[in-house]
Amino acid sequence: MEDRSRCEGLVIRVNRHYVFEEERLADVLATLRPAPAGWVEIARELPPARAAIDALVARAEQDAAFRAQLVGDLEGALAREGVEPEARVLAELRSRLG
Amino acid sequence: MAGSDYLDLRLGEFLDSLSAPAPTPGGGAVAALTVSLAAGLVTMAARRSVDSWSDAPGVAAQARALLARAGPLAQTDADAWHAALAALEEPRGETELEERLAKAAEVPLAIADTAADVAELAALAAEMGEGTYRGDAAAAAVLAEAGARAAAKLVGLNLTVTADDARMVRARGAAEAARAAAARALDSGP
Amino acid sequence: MSADVSDAQLVHRCRTGEAAAWRELVDRYSRYVYAITTQGFRLREHDAEDVFQEVFTRVYDRLDSLRDDSAVRPWIAQLTRRLCLDRIAAERREQPADELVSPEAEAVLADLDESFAVHEALSRLPAQCREVLDRFFTRDESYRTIGDALHLPPGTIASRISRCLAKLRSELDGRSVAV
């Protein structure tokens, strides 16, 4: 029986006629391929990104001038906090600032 | 044949398509399929060698993986080549042309790399496999070498690749590794 | 994937705010989530990326709600399935689907659970075995690339892979074999 799975743009055909268990294990291993490195890095950096957003929002709530400056340059503010101004992070910050 | 994956065609249909006066399928597709066929031979030889070769199951697993890696590259090569030809024939920006040509070089490079690995496995099978099937393994090594050399040539013909380009160095390295493996396979006694 | 730390221990450490634990959790489950989105539900790359990030955002935000820390894997799987189904329904402008997944997708999801278990067994092998098996079978690296990365002769990689596969098999069978 043939099973086509589309993965990372390539069609990987898996013929499930195994003679050895090692062959089947190899196919099983191959189904868990690395996620794109950029995706993984964004997810890994979620805690510091969240902490930076929390700090910026807290400060913006206390300081109207800072809030105005922040709204005018979200990317710069995040970068100064050491956080990659990635689209989702920017979206969350915009949402939190209202 | 537009709209069909080569791997879905009957062998006769593919041969007809190959012979037709059209740019694809061409040398890259045939190189990929040759490497895939060679990997199939190695899989068979390893599967028949379990009684005499403890590594046979692992070699069969690797050969299957390389077969699955090489086969789809036939269509991928044709698609990349079509895209590159389209960019050459129609007025497009320099960047897009370069990108498409670079992509067209990546596929034969992948074919060459895979071919080198198949040749290596074939050489192992020719040395260690069950006697009856060592000839098949040696044939696989020679076929894989041919695939590697053909693919390396195609890398070199790409307009974006120069003689000392890293991709050309890699392609030549793969062809040389395949050559050495095929020589070992042919030297292996019955 | 670090074999030394159980899921329950990892979740506990994440709750204490340990950044390294969070990164380990992401590393441990990123392939699994990616596979569910792309192979189980066949999402396009853009949608798969959105779901991938949303899964880990929700895991981060809702870790405290997990009742059984050792059950983090099925919890993540269920969360991922839910978000995939929601994304597909939104695409079709339908109401969010009930938990109706095609038999084909269910089979793929079951396979992915086994794949995760095999990768867990892989994490218990010696580092060099983990590397050669992962690089060859999941990253499609050539023998030359693997040899360069691990400072091993390319001509030895195929044999190493064979022996490490045998070791993986034995690990799963519960026996031990010398490599």
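Predicted model: local features only at pLDDT ≥ 70, side-chain atom pairs only at ≥ 80, totals over all residues.
**Domains of chain C**

The C-alpha centres of domain 1 and domain 2 of chain C are 27 Å apart. Domain 1 of chain C covers 1-124, and domain 2 of chain C covers 125-179. I then listed the contacts between these domains: five residues of domain 1 of chain C meet seven residues of domain 2 of chain C.

**Chain C against chain A**

How many residues of chain C are in contact with chain A? I found 34 residues of chain C in contact with 23 residues of chain A. At least two residues of this side of chain C come from each of helix 2 (19-40), helix 3 (45-62), helix 5 (103-123), helix 6 (127-138) and helix 8 (154-173) of chain C. Helix 2 of chain C supplies the largest share, 11 residues. By residue type, I recorded 18 nonpolar, eight polar and eight charged on the side of chain C that touches chain A.

**Chain A**

I next went through the fold of chain A, which has six helices and two strands. Along the sequence, these elements of chain A follow the pattern β-β-α-α-α-α-α-α. Of the 98 residues in chain A, 32% are buried. I also checked the contacts in chain A between residues at least 6 apart in sequence, and 42% of them join residues at least 24 apart.

**Nonpolar cores**

Which residues have the most contacts inside the largest nonpolar core? I found Val42(B) and Ala122(B), in a core of 95 residues. Helix 5 (residues 94-128) of chain B gives the most to this core, 19 residues. Leaving out residues up to four places away in sequence, I listed what Ala122(B) touches: Ala38(B), Val42(B), Ala137(B), Ala140(B), Ala141(B), Ala144(B), Ala181(B) and Ala185(B). Another core, of 45 residues, lies apart from the largest one, and Ile42(A), Ala77(A), Leu25(C) and Phe52(C) are among its residues. As background, I noted that nonpolar side chains tend to be buried together in soluble globular proteins.

**Arg134(B)**

I looked up Arg134(B), which lies in helix 6 (residues 134-157) of chain B. Is Arg134(B) buried or exposed? Arg134(B) counts as buried because 20 other C-beta atoms lie within 10 Å, and the cut-off for a buried residue is 20 or more.

Key: Residues numbered from 1 in each chain as written. Chains lettered and ligands numbered in written order. Contact = placed C-beta atoms within 7 Å. Helix = DSSP H or I, 4+ residues; strand = E, 2+ residues; numbered from the N terminus. Nonpolar A, V, L, I, M, F, W, Y, C, P; charged D, E, K, R; others polar. Buried ≥ 20, exposed ≤ 12 C-beta atoms within 10 Å, placed from the backbone. Core = buried A, V, L, I, M, F, W, Y, C linked by C-beta atoms within 7 Å. Domains from an automatic or database assignment.
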